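Here are my notes for you, point by point. Have the model open beside you as you read.

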Amino acid sequence: MGCRLYFSLPIRTILVGKTRENPYIEAMNELKDLRATPLVEARQTMQTPPSSAMDGPRAGGAPRIPVMVPIRSLGANHRDRIAAHLIRLEPRDRYLRFGYAASDEHIRRYTDGLDFERDEIFGIYNRKLELIAMAHLAYPAEKTYDSCAEFGVSVLKSARGRGFGARLFERAAMHARNDGITQMFIHALSENTAMLKIAKRAGAIVQRDGAEAEAHLILPAATLDSQITEIVHEQMAQVDYRMKAQAQQFRNILAALQKARCADDSSRR
Ligand SMILES: CC(C)(COP(=O)(O)OP(=O)(O)OC[C@H]1O[C@@H](n2cnc3c(N)ncnc32)[C@H](O)[C@@H]1OP(=O)(O)O)[C@@H](O)C(=O)NCCC(=O)NCCS
C-alpha cells in the first residue's frame, strides 16, 4: 500500500487505485449548464432539485439526472449539528462509518476533536437546517503523508439513495485535488455495497481483504477549471444555506406571532 494515514480516531475508508481521465466531468457540465441558466432558474434548481436528488430514491435503474446539490464546507460553529447528525445514525451505520460500535460518548469525542483548520468537513442541509449528510476529508498530522487524505461519509437513513453520498465524494475529491492532494483513501467493510459503489464509480479499484475493503483514488492535478468550479459550488451552497436560514427565521417569527395571537384570543374570552 502506497500511503497509510494514522488518525487519533478511526475513520472508515476504502482503497481505490485507478486514475480517472476527468472525475469532475459531471460537475463541470452542471457548472456550464448553470452558467447558461438565468439566475431565477438557477435558484429554483438549487431550491427544488429534481426528484432523483431530493424527493426519494430513484426508481429501479433509472439514470441519474445531474443536479446541483448544495454541499457546503462546515466550520467549527457547525460542531453541535455534526454531533447531532452522527448521533442520529443507527448502531449498524455507526459501525460502518467509524469501524467500531461508536457510542454517543465516542461521537462527542470525535466531534470535539475535529480540526477544522487542518481538515475539511462538508455538509448537506435540508430546508429545516438539519444536517442530513456530511463528509470528513481528513489530512494527516504527519508531513510525510501530506499528499494523502482520508475520506469518511454518512447520510441519514431518510436521505439515502438520492446520490448525496456520491456527491459528497465528488466534492471532497475536487477539494483534495485543488489542495494539492494526489491520493484519497477510503476504508470500508466489504459488505458496504453503497460505499464501494461510490468509490468504483469515481474510478476507483476496490481491494478486498476478507471483511475489510480499501480503496485508493489517484487524483489528477488541479486546473483553473477545477478551482473555479469549486469556488462556484461553495458560493452557491453558501447562498442556499443563507436562504434556508432566512426562511427558518421567518417561520419562527410567524410561529411566535401565531402563539401570541392565540394567547391574546384566549385571554379575551
Ligand atoms: C454509504 C452511504 C454514505 C451512501 O449514501 P447514499 O446517499 O445512500 O449513496 P448514493 O445515493 O450516492 O448511492 C451510491 C450508490 O450506491 C447504491 N446504493 C445505495 N444504497 C445501497 C444499498 N443499501 N445497497 C446497494 N447499493 C446501494 C446506489 O444505488 C448508488 O449506486 P448507483 O450510482 O450505481 O445507482 C450511506 O449508506 C451511509 O451513510 N452509510 C452509513 C455510513 C457508511 O457506511 N459510511 C461509509 C464508510 S466511511
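1. S6 and S7 make a hairpin in which two residues lie between the strands, and Gly 210 in the turn has a positive phi of about 65°. Helices (H or I, at least four residues) and strands (E, at least two) are DSSP runs, numbered from the N terminus. This is a predicted model: local features need pLDDT of at least 70 and side-chain atom pairs count only at pLDDT 80 or more, while totals for chains, interfaces and linings use all residues. Residue numbers start from 1 along each chain as its sequence is written.

2. Two strands count as paired if DSSP finds at least two bridges between them. Which residue of S7 is the bridge partner of Val 206? That partner is Ala 215, and for Gln 207 the partner in S7 is Glu 214.

3. Now the ligand. Its shell has 23 residues, of which Leu 96, Arg 160, Gly 165, Ala 166 and Ala 194 come nearest; a residue is near a molecule or strand if its C-beta atom, placed from the backbone, lies within 6 Å of it. Helix H5 (91-98), strand S4 (148-155), helix H7 (164-178) and helix H8 (193-201) each supply at least two residues of this shell. H8 gives the most, with six residues. By class, the shell has nine nonpolar, seven polar and seven charged residues. Here Ala, Val, Leu, Ile, Met, Phe, Trp, Tyr, Cys and Pro count as nonpolar, Asp, Glu, Lys and Arg as charged, and the others, Gly among them, as polar.

4. How do H7 and H8 pack, and at what angle? Their axes are 10 Å apart and the angle is about 45°, so the two helices H7 and H8 are oblique to each other. The cut-offs are under 35 degrees for roughly parallel, over 145 for roughly antiparallel, 65 to 115 for roughly perpendicular, and oblique for the rest. Gly 165, Ala 166 and Phe 169 of H7 make the contact with Ala 194, Ile 198 and Arg 201 of H8; residues are in contact if their C-beta atoms, placed from the backbone, lie within 7 Å. This contact of H7 with H8 divides into four nonpolar, one polar and one charged residue.

5. H7 also packs against H9, at an angle of about 130° with the axes 10 Å apart, and H7 and H9 are therefore oblique to each other. On the H7 side the contact has Arg 171, Met 174, His 175, Arg 177 and Asn 178, which meet Ser 226, Gln 227, Thr 229, Glu 230 and His 233 in H9. By class, this contact of H7 with H9 has one nonpolar, six polar and three charged residues.

6. Finally, helix H4 (residues 79-87) and helix H6 (residues 104-112) have axes that come within 9 Å and cross at roughly 150°. H4 and H6 are therefore roughly antiparallel to each other.

Technical notes. Axes are lines fitted to C-alpha atoms, for helices over the stretch in contact, and angles run from 0 to 180 degrees between N-to-C directions. Two residues are in contact if their C-beta atoms, placed from the backbone, lie within 7 Å.
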